Amino acid sequence: MKEVFRRMEALADEGSIHYIEKNQSAVAVAAAKIAQKPVVLAAFDPTKKGGALGYFEGASIVRAIKLAGEGRAPLVLLCQSAGADMVSGQLSLSGAGSVFRALKALDTPRVYLSYGPCIGAAAYMAGLCDVVLALEDASAFCLTGPKIVARAIYEETSLSAMGGAKVVAERGGVHLLSETEEAMIAHCRALMAFLRQKQVVAIPPRKTRAEGQTEDVIRAVVDEESAIYLWPRWAQNATAILARIDGMRVGIFANNPDVAAGVLDKEAALKAAAFYKLCRRLQLPVISLADTPGFLPGSASEGEGVMRAGAAMMEAYLDHDAKKITVAVGNVLGGAYMAMGCREMGADAYFALEWAKIGVMGAELAADILHLEKENLASYRAMHLSAEAAKKSGLVDEILSVESLRRKLSEVLR
């Protein structure tokens, strides 16, 4: 069996593939099911011109996109492409432009699986998809290949150095990275199962330790084994998850205090912005779990563009038009109150765990600035940082225990 068809058959449910275009170009198109979810597949054939994208390949992909839109089905792209078809010349530019426009306009989920090098137009296509899956040692995403780089600027390099999957994953360009093709298929099937609307049996909440890690809170509120962690190598001081709560699909964005205290630096803010946009695309409610000292201060952080990234994060949150819930699970200081979502920023509900601290800044820093005596710190914390004070000020709707949080989230989501 030809490699392109083997890949499509391995990804789809057994016996579900109906080929629409099989040998017309270096792109095969099929209707199929993945985890019982109807999808449209478009797969590059790397044995034909290295899977180069020419005019006819572009036409095949555009047809697949139109079919996905008409059928209200996700589009799944299986990519391994050498880039523009040199034989097609200028017509390959037309083909790529048509694909980009059609992809951008598609309002059903766009999923991209990289099986090898994805050069030029194929790399841009990844950037226009909602979720990108890749193979650690085989995938690469580059604008041009090493040979062209050597000829153009006399630089000797390699695909892995320029855009290897591990490097791109650390920059946020790959959502799910796999060691094997079988693992990538399993990730894709889990993602497709998540996209289904079918309700699942609710799992009772698990106990957590008293003042626990954010990860403990996540485990306590989501349905068992429902969490899909996106971009795990990018901005590890922030966590982005697709999951279910009482069978309802949700997106969860959480600070990770185990890494850099969960501070919101440039990359964490960009990760949040990308995740909020993805949740809007997938029409998912967003739950924000806040535990961060705020945005990273300092000249280096400012120079890197943390302010622009923070603005992008807030804009994406404001643009998100599905239900939004924020839970203060630890420190929520300064600009983090706005950036992680609050009533004033459009959150439908704002909850706090009993030990959460919500305020302009931490007590010790406030003491230095306000010249407070040490014996006044406890009073400052109670009046300006405690969850109870925030509730009295109208910032918090309700103070909850971890054990009651899952039930309350479920109530709001319904």
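## Close-up views of a predicted model

**View 1. Met-8 and its neighbours.** Leaving aside residues up to four places away in sequence, Met-8 touches Ile-17, Tyr-19, Ala-28, Val-29, Ala-30, Leu-41, Ala-43 and Leu-78; a contact here means heavy atoms within 4.5 Å. This is a predicted model, in which local features need pLDDT of at least 70 and side-chain atom pairs count only at pLDDT 80 or more, while totals for chains, interfaces and linings use all residues. Residues are numbered from 1 along each chain as its sequence is written, and side-chain values use heavy atoms, with hydrogens and water left out.

View 2. Met-8, Leu-41 and Val-76 have the most contacts inside the largest nonpolar core, which has 72 residues. A nonpolar core is a set of buried Ala, Val, Leu, Ile, Met, Phe, Trp, Tyr and Cys residues joined through side-chain atoms within 4.5 Å. Buried means under 20% relative accessible area, exposed over 50%, and partly exposed in between (1.4 Å probe, protein chains only). Helix H10 (residues 266-281) gives the most to this core, with eight residues. A second, separate core of 35 residues has Ala-68, Ala-96, Leu-103 and Leu-177 among its members.

**View 3. Where helix H1 meets helix H8.** The axes of H1 (residues 3-11) and H8 (residues 181-195) come within 10 Å and cross at roughly 45 degrees. Helices (H or I, at least four residues) and strands (E, at least two) are DSSP runs, numbered from the N terminus. Axes are lines fitted to C-alpha atoms, for helices over the stretch in contact, with angles from 0 to 180 degrees between N-to-C directions. H1 and H8 are therefore oblique to each other (under 35 degrees is roughly parallel, over 145 roughly antiparallel, 65 to 115 roughly perpendicular, and the rest oblique). On the H1 side, look for Arg-6, Arg-7, Ala-10 and Leu-11, which meet Glu-181, Ile-185, Cys-188 and Arg-189 in H8.

**View 4. Thr-214 in helix H9.** Here is Thr-214, part of H9 (residues 214-221). Thr-214 is buried, with a relative accessible area of 3%. Not counting residues up to four places away in sequence, Thr-214 touches Ala-254, Asn-255, Pro-257, Leu-289, Asp-291 and Val-329.

**View 5. Two loop residues with positive phi.** Lys-49 sits in the loop between strand E3 (37-44) and helix H2 (55-71). Its phi is near 55 degrees, a positive value in a residue other than glycine, and Lys-49 is partly exposed at 43% relative accessibility. Ala-260, in the loop between strand E11 (248-255) and H10, has a positive phi of about 50 degrees although it is not a glycine. Ala-260 is exposed, with a relative accessible area of 51%.
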